[in-house]
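I opened this model to look up its packing. These are my entries, in the order I made them.

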Amino acid sequence: MAVAAIRVEGLGKRYRLGDRERYIALRDVLARAVKAPFRRRSGTNGNGQAHIWALRGVNFAVAEGETIGIVGRNGAGKSTLLKILSGITLPSEGSAEVRGRVGSLLEVGTGFHPELTGRENFYFSGSIRGMKRREIDRKFDEIAAFSGVETFLDTPLKHYSTGMQLRLAFSVAAHLEPEVLLVDEVLAVGDLEFQKKCLGKMEEVTRGGRTVLFVSHNMGAIRRICTRGVWLDAGAVRWSGTAAECVDAYTASAEAAAETGGGIFDLRARKDRYGTGAVMLRELRLLNSEMQSRPSVEFGEPFTLVFDFECSRSSPSCFVGLTILSADGASVLGSHHYDTAEMRALLPGSRHTLSCRVDPNLLKPGRYSLQIGVLDYATWECVDLFHSAGDFTVEAGSGRFGRLADARPAYVQPVFEWKWN
Amino acid sequence: MSTKSNPVTEALAVAGGRKPIEATAQPDAHAASVKRIVPPGRFWTLNLKELAGYRELLYFLVWREIKVRYKQTVIGAGWAVIQPVATMLVFTLFFGRLARIPSGGLPYPLFFYSALLPWTYFAGALSGATNSVVENQRVITKVYFPRLLLPLSAVFSGLVDFVIAFVLLAGMALYYRVTPGPWLIFLPVFLLLAMFTAFGAGLWLAALNALYRDVRYVVPFLIQFWLFASPVAYPSTLVPERWRALYGLNPMAGVIDGFRWAVSGENPPSPGLVAASAGAVIVMLVAGLWYFRRVEATVADVV
């Protein structure tokens, strides 16, 4: 029988608004204390500060070896939950029980100091995450190889590029061997290549039988890696079930918030974007063969994707990339704009529209999600990326490709030349 | 490790949501450590076992502090000596030659330096401890480890400078033909007293500094005040007999007096004074631990 690796009961966390003020001075506190007897009691507590419940009444349990994905809008309480489970902060009410050694990946580069060399930071970072020195020694080569910065290990960290620092940081963190792993969107950083590597490592970890709690906005990754999902909304559990169900429920609502009409995805207010932000994607439109924006297209029908973006900082070598993912997170198709259009240097303040005509449409009927991004051609760094900008459906339709199109197993159904001999 | 194919038997009660699935969990058959996370309670505990488990991290914290301090410095270890030596010279001139305070038979440079050595260690460890939590705010909000290690590491990292400066003290003692005697055994005892004082006071200040950021500005003044309240620039015999025990409530009084005696053999400190110092340290340490643990519970939220 499965044993609960993590059990959360009635967990709540309350913050005083203003707790995170830049500067709380002792003299202010003393002044307030002196004034307190003379102040009438208001709806807030004696200090005159309002409270906010970041989490309230959260209950769930995770069996050993399960991978549970936690989704939700920013500010829903996901990071707070992870912090409590790691022991970084204590809850205000309720309790949680965690069985086994806990490793947390809440940020890369924890404990890194720019003056120390890569090797020294390595050891320190491992130690602070709870690895013993012997363990680090043993895994040194493996971690160094994964990070790809072996030749630079003896130079001070301040001479590393951001990318190298990230890789080193993640390698150390990824080679922890805790029984329970808590991961908070660390995979949001770095270039796509690195993100893929991290995801791969994560999958390896989950296959090893560890219990993993994974917070992310990357729906594709959650669908692929997690078995169960929990949707946190404003500090409470709004949905729980299998990962796919949970992601569907969440994206359906997030989309409802984001969409202004069928097939139009307004990205301006979206918070789940990654990247440096030098270029900002404003809108993504899906147009059918008649150039009408629709949330779905027919099987075999060519469709067009239109990208509207705005440049805020000079970007000499950006390109737009698109990946179409299947419902279970597999990358089905991809394309970069420079395959057929020229690269343009983008000037600050300029706005551009780029369209991509997918013709022929080789996708089999089903639900797909769109991962779009602006990346830098030279460094492959993310400038603005959405792991799931929106979803669309390919309907079976009544086209010439046959009625049973959706029964075909493969996602991509190209038209090959078949000939009788 | 159990595989994912085990049937899930967990409860998932959803607040006002859709899928109430009741199930029961089996009693624990594994030997894995269970950590129970609850809101901070009334009584604090000192989880020594946990601290012992993190002793390697303590080593790394100290090592990191020292490495960073000496990287890219030209004078390097010389800094450890310059401060007490310079102060010693100034004191020798003004308090010694000019003011002619009684030094109990010791040559002035030795008189002052043997006091400045533990004092400099204490002042450094105290400021280091005070800032330790705030300086590491990024780390403590991202990873869990016993926060007590932070001020503790400041207390230990000061020892390196102490050892370097001590070499000079030994040289001075030789130069002034001070013969070491059995009293030298007590040197580590008084050093330990200084460490406990720095730790106890450091815990208070570290916690206060994490909560109220202006505490950091009070500390230099506090240290200066403390310097003159301690028998560094003058001997404790200056204090009238009947006030001596009260004076001893300043733990550094015991430390300095004891240190001077352990080095030179002259002027053994009055037992009353040392007892008062030791008592004060214990109280300060216990209170400091209590307060720090209390603040530790929510420090990640406010730092």
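I count two residues as in contact when their C-beta atoms, placed from the backbone, lie within 7 Å. The model is predicted, so I keep its limits in view: local features need pLDDT of at least 70, side-chain atom pairs count only at pLDDT 80 or more, and totals for chains, interfaces and linings use all residues. Residues are numbered from 1 along each chain as its sequence is written, with chains lettered from A and ligands numbered from 1 in the order in which they are written.

**Entry 1: A:Leu213 and the cores.** I listed the contacts of A:Leu213, leaving aside neighbours within four places in sequence, and found A:Ile6, A:Val62, A:Ile68, A:Ile70, A:Leu82, A:Leu85, A:Leu182 and A:Val183. A nonpolar core is a set of buried Ala, Val, Leu, Ile, Met, Phe, Trp, Tyr and Cys residues joined through C-beta atoms within 7 Å. Buried takes 20 or more other C-beta atoms within 10 Å of a residue's own, exposed 12 or fewer, and partly exposed is in between. The largest nonpolar core holds 150 residues, and A:Ile6, A:Leu213 and B:Ala198 have the most contacts inside it. Another core, of 34 residues, lies apart from it and includes A:Leu267 and A:Val383.

**Entry 2: A:Leu106.** Is A:Leu106 buried or exposed? A:Leu106 is buried, because 21 other C-beta atoms lie within 10 Å. I placed A:Leu106 in the loop between strand E5 (102-105) and helix H3 (118-128) of chain A; helices (H or I, at least four residues) and strands (E, at least two) are DSSP runs, numbered from the N terminus. Not counting residues up to four places away in sequence, A:Leu106 touches A:Leu82, A:Asp184 and B:Lys142. Its C-alpha atom is 5.9 Å from that of A:Val183, 77 residues apart along the chain.

**Entry 3: chain A overall.** I noted eight helices and 20 strands in chain A. Of its 421 residues, 47% are buried.

**Entry 4: helices on H7(B).** Axes are lines fitted to C-alpha atoms, for helices over the stretch in contact, and angles run from 0 to 180 degrees between N-to-C directions. H4 (residues 108-135) and H7 (residues 187-211) of chain B pack at about 30°, with axes 7 Å apart. H4(B) and H7(B) are therefore roughly parallel (angles under 35 degrees; over 145 is roughly antiparallel, 65 to 115 roughly perpendicular, the rest oblique). The axes of H6 (residues 149-175) of chain B and H7(B) come within 9 Å and cross at roughly 140°. In H6(B), B:Leu150, B:Pro151, B:Leu152, B:Ala154 and B:Val155 meet residues of H7(B) including B:Ala198.
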